[in-house]
Structure formats: C-alpha cells, structure tokens
Amino acid sequence: MSVLPLEDPASPPPAVGRRRPSASTATRRALALLPLLFLAVWAAVDRHAVRDGVARLATADPWWLLTGLLFTYLGAVAAACVRQGAITDRLPPGALLASQIAAGAANHVLPASIGAHAVTLRFLRREGVPLNRATASIALYSLVRAVAKIPLVLVFVLAAPTAVPPAELFPQGRTLFLAAACLLLVPLAVVALFAVARPLRRPALDFVRTALTDARLLHTRPARFLPLWGGALAAPLLQAGVLACVGTALGLPLSWSQLVFAFLAASTAAGVVPAPGGIGPIDAALVLTLAGYGTPLPLATATVIGYRVLTVWAPLLPGMLVLSAMVQRGRL
C-alpha cells in the first residue's frame, strides 16, 4: 500500500495563465471611475449655469479667456509650491503638481476643501510621510493660505484708500456681533470639547507638538518657507487674475486693481461658509461687490459665471482624468 497522500479528486488543477483580480485591484478600478460619475452628476444638476455661462462667453474676447485659463492652471502650480513648503520631505515635483490638479477637481465635490485635503493626504501617505506629519502639513497649508490674504488686502487699502474705503471692510451691526460671538465661542467650544472628551487630549497634544516642531523647522530652511509663503501670496492673486481676465474679455468698466480687490474682499468675506469649492457664497459676494463698484447687474453676473466656467468647468474634466489615472496607478 502506498503511503503517499491521496490527492483530492474534487480539487481542480491550478489554471495556467489566469489570475483573478484581487479585491484591492477591483476597488482601485471602481475608485478610478467614481470621479467621472461625480462629474456627470454635477453637470446634470448645474446644467443651466453651464449653458448660460457658455452663451455669455461666446461673445467674449477668446484671448483673454485663454489667459484666464492659464492663470487657473498656474494656481495649481502655486498650490503645489505651498504643499511642498509645508512639509520637510522632498516630494516628486511632477507627481505633486498632478496631485494638486486632481485635488482641485476633488475640491469642487466636497465642502470646505475636504476633497482637496483628502487627495493630498492620500498622496503624502503614498509618498511615505507619517500620518501625524501629513496632517500637520495640511493644517499649516490652510493657515498660511488664510493668513496670506491679510497683507494683500492691506496693500490694496493703503495703495488706494479713496477707491477702497477701509470702513467698508469691517463688519457692522448684526454682522459685527456675530463675528465677535464666533471669535469668543469657537475657542470656548474647543476647550469644552477637550475637557469632556479626555481621550482626545493626548492625540491633540501630539498633533500640536508635531505641527509646531515642523513649522519651526520649515522656517529655518529658505527652500521651504519661500515657496510656502510665496505660493500662498500668489494663489489668490492668480485667482483674482482669472476674474480680471473674464471682466476684460466681457468689457467690464473696471480696472484690474478694482477687480483684484473685489475678488480678495469677496473671497475673504465668503470663505467662512463651507461650500464645495466656495461655489455659492463667493459667487453671490462677487456679484454684490462688482455691483457696488457700479457694474450693471447682468454684466456682473456674466463675469462671475465666466469665472466659474474657467475655474471649475474647464479644468474639471482634466482634473478628474488625472485623479482617476493617479488612483489607477496607485499614486493615490
């Protein structure tokens, strides 16, 4: 009698040349198609704005519109500079720029820049950056982008005090009361949260310690803090340049300085509202700001629609394709 183990006749021989796709591969393929689904849904919901914007822009100067589109993509370069400046690790420039183009598309899907930060966080983790330092870099990125607008607004106020009355920049009445209440209640809410939820104290303290350590180290290296602050100053100016190009293409009776300041003031005032890509609050604030400069309301509305076409719809399809490609190749 043979002592060799009997083979199970029910088990089929291994197939040669056939490999079943793993679960991670199938998930990656599904995620690669998901951004395109978001794009289709977004276009279906907002089809009237797209149609009206294209109709208005059909009579505009195409060269100024192309210049505005160039400013839009230069904004991705500025964002990549800020991202690199916010972290000590050296990131691959091409992949970093591609991630910011993809992040710009994701930013129009989720509110409060969650989509852009999620894409960037995934990219940093794929590049081997620890989670605490990756999140600290995102916090520094957000802080620097917000703080950089303040000197820009002050420069415009000091350069043209008659065109931009400083008293109109500050909230008044009920708005002033709400702003003061938020400034007082937000720190109190954070302190109360940590007092009640004790398990959050240690992770929060570790995060703050890591963020402060990295920020101090970055500001000792010119190769980091120069792109950090330079990109943060250039980003809103490039976005304002898009608005100025659209206004010039449509024959808006305003100077570039007025258009740039209109964007800075409107985006600063409406930036606290968590909307996908700022769409909605910034649009309304821009229309009101342009109308306050004496622009006819239909022309101000057309300018804002054109700005959205160049900053959202024109780069959205390429951004979604880049996002899908990076997911498919395992870079995200």
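This note goes through a predicted model of a single chain, point by point, from its overall make-up to particular residues.

1. Overall make-up. The chain contains 13 helices and zero strands, and when it is read along the sequence the pattern is α-α-α-α-α-α-α-α-α-α-α-α-α. Of its 332 residues, 36% count as buried. The accessible surface of the chain comes to about 19,000 Å², and carbon and sulfur atoms account for 71% of that area.

2. The largest nonpolar core. This core has 34 residues, and the members that touch the most other members are Leu65, Phe263, Leu264, Leu286 and Leu290. Two or more residues come from each of helix H7 (149–159), helix H10 (222–249), helix H11 (256–270), helix H12 (281–292) and helix H13 (297–328). Of the elements that contribute, H11 gives the most, with seven residues. As background, nonpolar side chains in soluble globular proteins tend to be buried together.

3. A nonpolar patch on the surface. Leu70, Leu74, Val77 and Leu97 form a nonpolar patch on the surface, and together they have about 290 Å² of accessible area. Helix H3, which covers residues 62–85, gives the most to the patch, with three residues. Leu74 lies in this helix, and because its relative accessibility is 34%, Leu74 counts as partly exposed.

4. Aromatic pairs. The structure holds two aromatic pairs, one of which is formed by Trp64 and Trp256. The ring centres of Trp64 and Trp256 are 5.8 Å apart and the ring planes stand at 55°, so the pair is described as tilted. Trp64 belongs to helix H3 and Trp256 to helix H11, so that the pair links distant parts of the chain, 192 residues apart.

5. The salt bridge between Asp89 and Arg133. There are three salt bridges in the structure. In one of them Asp89 is joined to Arg133, with the closest N and O atoms 2.3 Å apart. Asp89 lies in the loop between H3 and helix H4 (93–106), whereas Arg133 lies in helix H6 (residues 131–147), so this pair ties together parts of the chain that are 44 residues apart in sequence. Asp89 counts as partly exposed because its relative accessibility is 26%, while Arg133, with a relative accessible area of 18%, is buried.

6. Arg133 and its other partner. Arg133 also forms a salt bridge with Asp214, where the closest N and O atoms are 3.7 Å apart. This pair links distant parts of the chain, with Arg133 in helix H6 and Asp214 in helix H9 (residues 201–218), 81 residues apart. Asp214 is buried, with a relative accessible area of 13%.

7. The salt bridge between Arg331 and Glu127. Here the closest N and O atoms of Arg331 and Glu127 are 2.8 Å apart. Arg331 is found in the segment after H13 and Glu127 in the loop between helix H5 (114–126) and H6, and the pair links these distant parts of the chain, 204 residues apart. Arg331 counts as partly exposed at 32% relative accessibility, and Glu127 counts as partly exposed at 29%.

Terms used. Residues are numbered from 1 along each chain as its sequence is written. This is a predicted model: local features need pLDDT of at least 70, side-chain atom pairs count only at pLDDT 80 or more; totals for chains, interfaces and linings use all residues. Side-chain values use heavy atoms; hydrogens and water are left out. Patches are made of residues with over 30% relative accessible area and no salt bridge: like charges are joined within 9 Å, nonpolar side chains (Val, Leu, Ile, Met, Phe, Trp, Tyr) within 5 Å. Accessible areas come from the Shrake-Rupley method with a 1.4 Å probe; for residues, only the protein chains shown count as cover. A salt bridge is a side-chain nitrogen of Lys or Arg within 4 Å of a carboxyl oxygen of Asp or Glu. Helices (H or I, at least four residues) and strands (E, at least two) are DSSP runs, numbered from the N terminus. Buried means under 20% relative accessible area, exposed over 50%, partly exposed in between (1.4 Å probe, protein chains only). A nonpolar core is a set of buried Ala, Val, Leu, Ile, Met, Phe, Trp, Tyr and Cys residues joined through side-chain atoms within 4.5 Å. Rings of Phe, Tyr and Trp (its six-membered ring) pair if their centres lie within 6.5 Å; planes under 30 degrees apart count as stacked, over 60 as edge-to-face and the rest as tilted.
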